[in-house]
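Please read it alongside the sequence and coordinates shown here.

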Amino acid sequence: MADKAVQYLPDGAHQAGGGLSGKLAQVRYLSPTILTYLQNIYAQNGSSSSGWTAEQTAVFLKSIQQDDESELALELATPAWDIKNFLKYMTSSVTSLVAPPQEQDLSWPLSAYFISSSHNTYLTGNQLSSDSSADAYKNVLLRGCRCIEVDVWDGEEPDSDNSSVSSSDDEYTVARKQSKRQQIHSLTTQFKNSSLGKKLDHKITSSTTTSKTTSTTTSSPKKHKKRPSHSSSSKKTGSSDSTTGTPLTKTDSGNLNSLQRVPSLKEPRVLHGYTLTKDIPFRDVCMAVRDYGFSEDCDTPLIVSLEVHCSAEQQETMVSIMRQTWGDLLLPEPAEDAKELPAPGDLRGKILVKVKYAPPQGGGSPPAAASRASTPIPGSDASNTAAAAAAQKPSKIIQALSKLGIYTRGVSFKSLAQPEATMPTHIFSLSENSVTEVHQKSARELFEHNRHYLMRAYPSGLRIRSSNLDPAVFWRKGIQVVALNWQNWDEGMMLNEGMFAGTKGYVLKPEGYRPNKTLPSTKTQEPQSLAVKHYTMDLTIQVIAAQNLPLPPGDTKTSSFRPYVKVEIHVEEPGERHGTDAVPADGKEKEGEYKAKTKSVKGGGCDPDWKGEGNLLKFEKIPGVVPELSFVRFLIKDDEIGKDSLAAWACVRLDRLREGYRFLHVCDARGVETEGVILVKVTKKLVREV
């Protein structure tokens, strides 16, 4: 369903973000300035006007460009290059600054991968009053997102003079039919009384103290989204549809996949609870997932993370809609609980429903009991098991819905020692502040848990404007699913692009972050420092010239455009690595520890030429570098009075940063791929730390 209010969403097929970008890697034409530079480079690396010899070609490709063996085999098929061969090479995808990702090995368990993930996917703007849209799901799926979030609430009865409601629904129905002004007032009051509203009010009124907000680990994440039920719950699963009185039945085959119901006038909605955000039908979201969740370019498994705030009857409707809409895209119900997580390669083209786990009726301990010996977490206390199991409350999630969560069973986090923490199919969801708290208390246990089991981190509820945390901080804790606000372009989304570009949304973790790899046992070093090799890095980037750069949003005059290039290196902080510091404040690394920028160019418009002046950016002796988890971020800004506007950007994971003369392909300020490129020369040196 196309929403007029959200027609501004870019075409996701040509927008960066995390998984499918990087297709426009060729340079289709050369500006006169860049052509002149390339001709000079060719002349400087040859000794004859007749062209390069085979030896000169090989020296350039091996010594300067550092091309790998597979690339050299193709490039040296023509051993002696003339200028045409050289220009053909320089404008090909081989000279992109970003190396293509290695072919993904999808044979490891799901816990061994970082997964490109979205938070509150339905929103198109801020967290309080923006529109919701099914097109937002289309947008992120076309960009390569492989974990989306759906907040589901009870639907409303359609306005009708002949409509009737039960006595338990009268008050709610009348309230929903009040005037728009009364409705907004009610929602505002509800928001102020919610935990999110109280947190925001506390943050605003606290003018002299900086409040460090943390989420209590003994409460369920996203508590502020819970909404009092306005209809009866605790109905027997599969009994009837409260909105029509029509029973949910099976077909003659008896197969749950054949579950059908008579269409209801009342269906669940998707919205951000207790806010002024608009709602959309749950059915529309399911249709968008069906239509855009998989393609020839991307068939890796898609996780649909459900936040369910519905009554039991509406949960039955949810199950019916999902089965009708997704059909065979859903996994078949297994004969028994999984003893280990499957590999994503075995789940191609399948939807994994993440929903809160409801133990079977009459069941005692969680299914972890049978397989708990598989991979115990260091520091877990078996004595907590019985007490935690006894304290379990009846689930608000019906069995029919819970059963859809086969390999991604949501469990409310209490501690890493709770009995469900070794259930192979569980997934914890923690806010960024909760991760900080757990890391401070149990860094080793947290890292060890995330080697074997799934965890999801999401932005703080105080990020009202949909800003993002720094995902690299949480990836370094081994967290697979780091959910971001894809509608907002900031540092977090740029780093997500750097991690996942061209990968179909799944990236295999470094070896020490995966299961079945024994780490050294020591009390003096954190596993984060032992799991991977660390290096000291020297990096030099010479910015030469650019062509066809996009202007900042809203600008139309190229004559007033004064671009400069700012480069930032994102690496692990020493304190975080060795366990002396917690997760960095606000979920981000220290600003500006490793950054540099060129001079601005006046009069060059969208084709600036730095002419060798103020364009050599050096980064020396950077310690603790993990190439797979470090990033180089390029920001092209307009030198203005006041705040400099962002015109374009690019982000490269360090292990994919190529050396030599390269073209950096940039996206505009909204992440849309452009024809803009910057000619650079890069040298990189990594020395293994002992």
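1. A residue is termed buried when its relative accessible area is under 20%. On that basis, buried residues account for 54% of the 690 residues in the protein chain. The model is a predicted one. Its secondary structure comprises 18 helices and 19 strands. Of the contacts between residues at least 6 apart in sequence, 77% join residues at least 24 apart.

2. Gln-56, Thr-57, Ala-58, Phe-60 and Leu-61 of H2 are buried. The buried residues of H2 pack against helix H1 (32-44), helix H3 (69-75), H4 and strand S18 (660-668). After H2 comes Gln-66, with a positive phi near 55 degrees.

3. The structure contains 16 aromatic pairs. Phe-60 and Tyr-89 are both buried. Ring pairs also join Tyr-42, Trp-52, Phe-60, Trp-81, Phe-86 and Tyr-89 into a cluster.

4. Trp-475 and Phe-631 form a tilted aromatic pair, 6.0 Å centre to centre, with 45 degrees between the planes. Distant parts of the chain are linked by this pair: Trp-475 is in helix H15 (residues 471-475) and Phe-631 in strand S16 (residues 631-638), 156 residues apart. What are the relative accessible areas of Trp-475 and Phe-631? Trp-475 has a value of 0% and is therefore buried. Phe-631, at 1%, is buried as well.

5. Two charged side chains are placed over aromatic rings. Arg-514 lies over the face of Trp-108, at 4.8 Å from the ring centre. The charged end of Lys-597 is found over the ring of Tyr-564, 4.9 Å from its centre.

6. Two packed helices are described by the angle between their axes and the distance between the axes. How do H5 and H9 pack, and at what angle? Their angle is about 25 degrees, and the axes are 8 Å apart. Angles under 35 degrees count as roughly parallel, so H5 is roughly parallel to H9. The crossing of H5 and H9 is right-handed. Ala-134, Tyr-137, Lys-138, Leu-141 and Leu-142 of H5 make the contact with Asp-284, Val-285, Ala-288, Val-289 and Tyr-292 of H9.

7. Ala-134 lies in helix H5 (residues 134-142) and counts as buried because its relative accessibility is 5%. Leaving aside residues up to four places away in sequence, Ala-134 touches Ile-280, Asp-284 and Ala-288. The C-alpha atoms of Ala-134 and Asp-284 are separated by 6.1 Å, although these residues are 150 residues apart along the chain.

8. Helix H9 (residues 282-292) also packs with helix H10 (residues 312-326), at an angle of about 30 degrees and with the axes 10 Å apart. H9 and H10 are therefore roughly parallel to each other. H9 passes H10 in a right-handed crossing. On the H9 side, the contact is made by Phe-282, Arg-283, Cys-286, Met-287, Val-289 and Arg-290. On the H10 side, the residues are Met-318, Ile-321, Met-322, Gln-324, Thr-325 and Trp-326.

9. Most residues other than glycine have a negative phi. Tyr-274 is not a glycine, yet has a positive phi of about 60 degrees. Tyr-274 is located in the loop between strand S3 (269-270) and strand S4 (280-281). Is Tyr-274 buried or exposed? Tyr-274 counts as buried because its relative accessibility is 13%.

10. Ser-466 has a positive phi of about 65 degrees, although it is not a glycine. Ser-466 lies in the loop between strand S9 (454-458) and H15. With a relative accessible area of 1%, Ser-466 is buried.

Key:
Residues are numbered from 1 along each chain as its sequence is written. This is a predicted model: local features need pLDDT of at least 70, side-chain atom pairs count only at pLDDT 80 or more; totals for chains, interfaces and linings use all residues. Side-chain values use heavy atoms; hydrogens and water are left out. Rings of Phe, Tyr and Trp (its six-membered ring) pair if their centres lie within 6.5 Å; planes under 30 degrees apart count as stacked, over 60 as edge-to-face and the rest as tilted. Buried means under 20% relative accessible area, exposed over 50%, partly exposed in between (1.4 Å probe, protein chains only). Helices (H or I, at least four residues) and strands (E, at least two) are DSSP runs, numbered from the N terminus. A charge sits over a ring if NZ of Lys or CZ of Arg is within 6 Å of the ring centre and within 35 degrees of the ring normal. Axes are lines fitted to C-alpha atoms, for helices over the stretch in contact, and angles run from 0 to 180 degrees between N-to-C directions. Angles under 35 degrees count as roughly parallel, over 145 as roughly antiparallel, 65 to 115 as roughly perpendicular and the rest as oblique. A crossing is left-handed if the near helix is turned anticlockwise from the far one by less than a right angle, and right-handed if clockwise. Contact means heavy atoms within 4.5 Å.
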